[in-house]
Amino acid sequence: MTPSAQPRAAVILAAGQGTRMKSPIPKVLHKVGGRTMLDRAIDAVQAAGCERILVVVGAQGAAVRQAVVARLGEAAVVVQDPPLGTGHAVLAARPALQDFAGDVLVTNADCPLLEGKDLEPLFALREQGAQIALLGFEPADPALYGRLIRGADGHVIRIVEARDASEEERHVRACYSGMMAADACRLFNWLDKVGNDNAKGEYYLTSVVAVAVAEEANVRAAFVPESAVMGADSQPQLTAAEAIFQQRRRHHFLNEGVAMPAPDTVHFSWDTEIAPGATVEQFVVFGPGVSVETGAVIRAFSHLEGANVAEGALVGPYARLRPGAQIGARAHIGNFVEVKKVAVGAGAKANHLAYLGDGTVGAGANIGAGTIFCNYDGFDKFDTHVGEGAFIGSNSALVAPVRIGAGAYIGSGSVITREVAPDALALERSTQVEKPGWAERFRAGKRARATKA
C-alpha cells in the first residue's frame, strides 16, 4: 500500500491555555466568520480526507471538551494532563490510535484560515516517499518562528527554534507551521525517543525531526502562504484573521456575480450562500445560516441570521431577519421590520415597522405599519397564521394563537384575539366620542390662566 492510499487520521492540538486572549472564552472557541477556530480546524482535516479525528484538550478545558463531544463524540477527546509540550500532546493520542494503521496528520486548533487544500501537499509528499512531511511557510517577519534547515536536495535536516538559531540560520526564511504528517507507528516510535532537555522541561514535536533524520528518514517540507497557517493567539491576531476571511469571501461573491456596491462594508459568515444575480448593499451583516437566491436585493443596514431569502425578494433597508425567517419570492420586508420563525409567502409585503414572530404569512398578503404578532405570553410561544391575500391594517396586534383567513381584512388599530374567517372584515375598536368646541375652550382656559399669572 502506497502512502497516498493509506487511511488518514488527524490529531488536533487544542490544549493551550490561550492567556493572551485575555478572555473567559477558551482560545479555540473564539470565532472567525461566525465559526469557532476549533470547528474550522475540524472542517479542514475532514476536507483533507481524515476519517478519524482526535482533539487533544487540557485537563481544565471543560468547555473545549464539550465542544468536541458535541461535534465528534466522546471518543474524539484526548486529555493531556499534565501539559508537557506538543510532542507529549501527540503521544497522549496514541492509546486512541492503537488500532490505526495509516498516516497521522498533526495540526493546531488555533489556525482559523487553514483549509483542506492547504494540507493536501503533506500527503502528496508522503506519496512521494517522505517519511515525515512538514508544512512550511515564509512569513513577512520570521523573527519568532522555528526555521526549517534544509540540505542541498531540499530535504529537512532539522528545525531550529528562533532563540537557538545562529546568525546565519536567522536569515533563513523557511519556517515551520507546527503541522506534519507521518506514518502513525513510526511517528509514535520517534516521539518515544524525544527528550525534554530544555529550559521548560517539555517534549517538543519539532524534536521528532532530529530523531528521524538520525535514523536516515526522508523529511521534506511543503509550503503554503503565511495566511493559511497564521495563528490567532490574541485579540489583535483574531481580528487580523477575521479581516482576511472577510476579504476572501467578498472576492468570492464578487467573482460569482453578486453585486456589491460597497463590499468592504459587508460582513459574511462561514456558510453564507448568495446566488449570482443577487444584490447586497452597504453595511449588511450575514450571521450563520443565511441563503439568498438570485435576483434578491438585501438593502443597506440589514442583519440576517438563519434565514432564507427567495428569488426576487426585497429585504431592508434596516431589516432584521432572525432564525427561521423564510422570505418568499418577490416578497418585501421593509425598513425596521423584524421577522423570526415566519414563512412569508410569495409577493407578500411588510414594508415598514412591524414584528412578525412565529407563524406564516400567505402569498400576496399585506402587513400594515405597526403590526405586531403577539407570540409570547411570558412562558410559551404561539403561532399566528395570515392567509393568502389578507390585508392587515396599520397598528394591529394579532394575539397568538390566531388565524386570519385568506382575503380577510383587519381594520387599523385592531387587537385580534379570535380566528377571522376568509374574506371577512374584523374590527376591534372602542366607540369614537367627539365633543364639539372642546379644543377651543381648552385653549382659551390655558391662555386665561397664563395672563393672570
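**Aromatic, strand and salt-bridge contacts in a predicted model**

Ring pairs link F283, F301, Y318 and F336 into a cluster, where rings of Phe, Tyr and Trp (its six-membered ring) are taken to pair if their centres lie within 6.5 Å, with planes under 30 degrees apart counted as stacked, over 60 as edge-to-face and the rest as tilted. The structure is a predicted model, in which local features need pLDDT of at least 70 and side-chain atom pairs count only at pLDDT 80 or more, whereas totals for chains, interfaces and linings use all residues. Residues are numbered from 1 along each chain as its sequence is written, and side-chain values use heavy atoms, with hydrogens and water left out.

A search of the whole structure finds eight aromatic pairs. In one of them, the rings of F283 and F301 have centres 5.1 Å apart and planes at 10 degrees, so this pair is stacked. Because F283 lies in the loop between β13 (279–280) and β14 (285–286) and F301 in the loop between β16 (297–298) and β17 (303–304), the pair ties together parts that are 18 residues apart in sequence; helices (H or I, at least four residues) and strands (E, at least two) are DSSP runs, numbered from the N terminus. F283 is partly exposed, with a relative accessible area of 43%, and F301 is partly exposed at 42%, where buried means under 20% relative accessible area, exposed over 50% and partly exposed in between (1.4 Å probe, protein chains only).

The rings of F391 and Y409 have their centres 4.9 Å apart and their planes at 15 degrees, so that pair is stacked. It links distant parts of the chain, with F391 in strand β27 (residues 391–392) and Y409 in strand β30 (residues 409–410), 18 residues apart. F391 counts as partly exposed at 33% relative accessibility, and Y409 counts as partly exposed at 46%.

L353 lies in strand β23 (residues 349–361) and is partly exposed, with a relative accessible area of 48%.

Strand β23 pairs with β22 in the parallel sense over ten bridges, two strands being paired if DSSP finds at least two bridges between them. In β23, the bridge partner of E338 is Y355, while R320 stands opposite E338 in β22, strand β20 (residues 320–321) and β22 being paired in the parallel sense over two bridges. Strand β19 (residues 314–315) is joined by two bridges to strand β22 (residues 332–344), and these run parallel, with L314 opposite H332. Two bridges likewise join strand β21 (residues 326–327) to β22 in parallel, and the bridge partner of I327 in β22 is V344.

K340 is buried, with a relative accessible area of 10%, and D358 is buried at 3%. A salt bridge is a side-chain nitrogen of Lys or Arg within 4 Å of a carboxyl oxygen of Asp or Glu, and the structure holds 24 of them.

The side chains of K27 and D233 meet in another salt bridge (3.0 Å, N to O). K27 lies in the loop between β1 (8–13) and β2 (31–32) and D233 in the loop between α8 (226–229) and α9 (235–255), so the pair ties together parts that are 206 residues apart in sequence. K27 counts as buried at 12% relative accessibility, whereas D233 counts as partly exposed at 23%. R20, K27, D110 and D233 are linked in a network of salt bridges.
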